[in-house]
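Have a look at the structure first, and then we can go through it together.

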Amino acid sequence: MASIEFSPGIQEVPTNVRVLKSKTSSRGAAIFRFEDVNSDTQNILGMTMIDEEGELTTRDIKAKFLNGEFKALEVTYEMSNEAEWERFLRFMERFSASNEMGMA
């Protein structure tokens, strides 16, 4: 089973995930948007993606506000080579299957 966590033991499910890949190199990025967060947003330092192969982690997190009210977290996970890209895709396939999400 694959999961995403901001805090240990508290699973999160993104509202949206955009995956981008350079046509000229093996660099890529995934941008996760979380509108409903189970973790305490004041104490989030990073996002961890966990599956049977191990963990992928990013600390690139931005809080989005509208009129001073929290709306979402936007998290970016960057991949700099083909091996990182393939590893991320394996995680997303497992995560999508575990959470009944479709990949388009």
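Is K62 buried or partly exposed? With a relative accessible area of 42%, K62 is partly exposed. Its salt-bridge partner is D60, with the closest N and O atoms 3.3 Å apart, and D60 also counts as partly exposed, at 27% relative accessibility.

Please keep in mind that this is a predicted model. Eight strands and one helix make up the elements of the chain, and their order from the N terminus is β-β-β-β-β-β-β-β-α. Along the principal axes, the C-alpha atoms fill a box of roughly 40 × 30 × 25 Å. Buried residues account for 36% of the 104, and the chain exposes about 6,400 Å², of which carbon and sulfur atoms supply 46%.

Now to the charges. Side chains of opposite charge can pair when their charged atoms come close. Twelve salt bridges are found in the whole structure, including these:

| Salt bridge | Closest N and O atoms |
|---|---|
| R33 with E35 | 3.0 Å |
| K62 with D60 | 3.3 Å |
| K71 with E69 | 3.7 Å |

Shared partners also link salt bridges into one network that joins D51, E52, E53, R87, R90 and R94.

How values were computed: Residues are numbered from 1 along each chain as its sequence is written. This is a predicted model: local features need pLDDT of at least 70, side-chain atom pairs count only at pLDDT 80 or more; totals for chains, interfaces and linings use all residues. Side-chain values use heavy atoms; hydrogens and water are left out. Helices (H or I, at least four residues) and strands (E, at least two) are DSSP runs, numbered from the N terminus. Buried means under 20% relative accessible area, exposed over 50%, partly exposed in between (1.4 Å probe, protein chains only). Accessible areas come from the Shrake-Rupley method with a 1.4 Å probe; for residues, only the protein chains shown count as cover. A salt bridge is a side-chain nitrogen of Lys or Arg within 4 Å of a carboxyl oxygen of Asp or Glu.
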